[in-house]
Amino acid sequence: MGSCISKCMPNKHSRLEDHHVYDDDLYGFVQDKLVISQAPPFKVPPTPLSNKISPSPLELSFSSKSASTIFTASKSSASSIPAQFLWPAEDTVRALDELDEPLIDLGGFFRGDHESTLRAAKAIREACLSHGFFQVVNHGIDWGLIQAAHDHIRSFFRSPIETKLRASQKRNGYGGYSSAHSERFSSRLPWKETLSFGYPANSPEETVEFFKSKLGMEFEQTGKVYKKYCEAMKDLALGIMELLAISLGVGRLHYKELFNDSRSIMRCNYYPPCKKPSLVLGTGPHCDPTSLTVLHQDQVGGLEVSANGKWWKVRPHPDALVINIGDSFMALTNGMYKSGLHWAVVNESRERMSLSFFMCPAPYKVVRPPQGLLYRDMNGERKYPDFTWPELLHFVKNHHRADTGDTLGHFSRWLLSQSAVLSCQDPQA
Ligand SMILES: O=C(O)CCC(=O)C(=O)O
């Protein structure tokens with residue numbers, strides 16, 4: 001059945017010839033200009049019995065109550081937890097030990113030092129083969145800018161609810177203010193408020209425009225700070241793309257060029273204190289569907305990562321940024337690098353904030369692993385079909401709740417089922 005679907009499946013994305021110059025730094029080999037015009041077929045993996053795609057968008061009913069009536073920071077000190085915020089027992093385990101993710105010094109890489117670059121790439125490779133998380137220091141981002149980003153967004157979250165609701169996120173919208181994601185879900189709500197907005201690398205003024213148009217001129221300065229913050233995060237993320245390419249032994253600029261016109265997403269998370277933190281989750285268990293996440297967390301701590309069947313704390317380092325790869329980068333390595341499962345827990349007495357910058361490919365770019373990697377390390381066998389970022393984003397917004405797991409597997413099967421329907425409807429197919 002698998003091979004039938006893969007043979008019949010119409011290929012929506014044109015296949016360009018791939019030219020890959022292999023980087024011999026890490027592995028001591030060079031394969032010059034490997035040209036393969038036909039991408040190998042993607043084989044449909046079986047649907048795991050325990051993890052079926054929800055039959056309808058979001059298995060959860062939409063709550064008609066406004067976000068503010070369900071959850072606001074001011075109500076969060078209540079000692080009884082509303083039922084919508086309770087999580088199943090398996091999600092109430094808490095990490096005891098710290099993850100031993102590498103703390104990578106990027107100073108040498110940015111100075112162009114060969115040895116330090118190889119050391120950094122090697123550490124990144126080990127982390128990404130295992131759980132996908134590492135931290136970076138000497139990343140070049142001005143501490144004052146990080147501080148300003150926290151200060152501005154703290155003021156926003158402390159604003160009256162009427163102000164925050166001016167930027168309300170629509171049910172399946174892509175940006176805005178969300179109170180516990182209650183505009184989309186009515187159970188297993190995260191104990192947090194968020195503000196999300198886009199950062200298109202080619203049109204960065206849109207970030208300032210978001211703040212001005214949604215929240216008014218009093219937030220123009222916040223918009224300017226975040227435009228600068230996202231610009232700095234994008235430059236750092238592109239540097240890490242270079243290191244990821246070196247670590248995989250593909251052309252050094254391969255991923256950097258793929259993401260040079262990225263449309264990224266910025267999400268600011270505010271976790272109020274909670275009297276019964278063991279019953280709730282600040283952010284539910286999920287893998288980021290995006291490509292590369294650069295997170296700055298304050299010193300309270302709360303990020304936890306699943307690795308080797310256990311949850312681990314990710315210790316906040318005052319000068320570090322936490323990096324993890326997401327599902328769409330995992331697809332770009334044909335599943336070789338792991339998009340790590342993580343969640344955020346909340347604190348009994350302290351509020352916590354984290355700033356997540358998610359790098360995503362430009363909408364027209366096809367997410368597909370480099371041919372050389374595929375043929376060198378994986379016999380040319382594809383694990384995921386070609387897709388674009390808007391297709392994956394549509395799926396996670398409309399057909400899947402990320403904290404139910406295996407987003408990429410569900411998405412691949414869904415995409416193929418869509419293609420199969422299209423080919424049945426198209427008499428030419
Ligand atoms: O707050 C954190 O540490 C994690 C946030 C997160 O996972 C997210 O924004 O997707």
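Sorted by class, the shell around the ligand holds three nonpolar, seven polar and two charged residues. Here Ala, Val, Leu, Ile, Met, Phe, Trp, Tyr, Cys and Pro count as nonpolar, Asp, Glu, Lys and Arg as charged, and the others, Gly among them, as polar. This is a predicted model, in which local features need pLDDT of at least 70 and side-chain atom pairs count only at pLDDT 80 or more, while totals for chains, interfaces and linings use all residues. Residues are numbered from 1 along each chain as its sequence is written.

Let us stay with the ligand for a moment. Surrounding the ligand are R267, N269, T283, D288, L295, Q297, G302, L303, H342, A344, S354 and S356; a residue is near a molecule if its C-beta atom, placed from the backbone, lies within 6 Å of it. At least two shell residues come from each of β7 (263–271), β9 (292–297), β13 (342–344) and β14 (352–359). Such strands are DSSP runs (E, at least two residues), as helices are (H or I, at least four), and both are numbered from the N terminus.

Now follow the strands into the sheet. Eight of them form an open sheet with mixed pairing, in the order β3-β4-β12-β9-β14-β7-β6-β5. β3 (103–105) and β5 (176–179) each have a single partner strand and stand at the edges, so one side of each is left without a neighbour in the sheet. From one strand to the next, the twist averages 25°. Two strands pair if DSSP finds at least two bridges between them. Strands β4 (residues 133–137) and β12 (residues 321–325) run antiparallel and are joined by four bridges; within this pair, F134 has I323 in β12 as its bridge partner.

Helices join the picture too. Helix α5 (residues 143–157) lies across β6 (193–200), β7, β9 and β14, at about 115° to β14. Helix α7 (residues 205–215) packs on the sheet, touching β5 and β6, and its direction makes about 135° with that of β6. Contact means C-beta atoms, placed from the backbone, within 7 Å. Axes are lines fitted to C-alpha atoms, for helices over the stretch in contact, and angles run from 0 to 180 degrees between N-to-C directions.

Finally, visit two loops. N334, in the loop between α10 (327–332) and β13, has a positive phi of about 55° although it is not a glycine. N334 counts as buried because it has 21 C-beta neighbours inside 10 Å. The cut-offs are 20 or more other C-beta atoms within 10 Å for buried, 12 or fewer for exposed, and partly exposed in between, with C-beta atoms placed from the backbone. N379 lies in the loop between α11 and α12 and counts as exposed, because it has 8 such neighbours.

Key
Contact = placed C-beta atoms within 7 Å.
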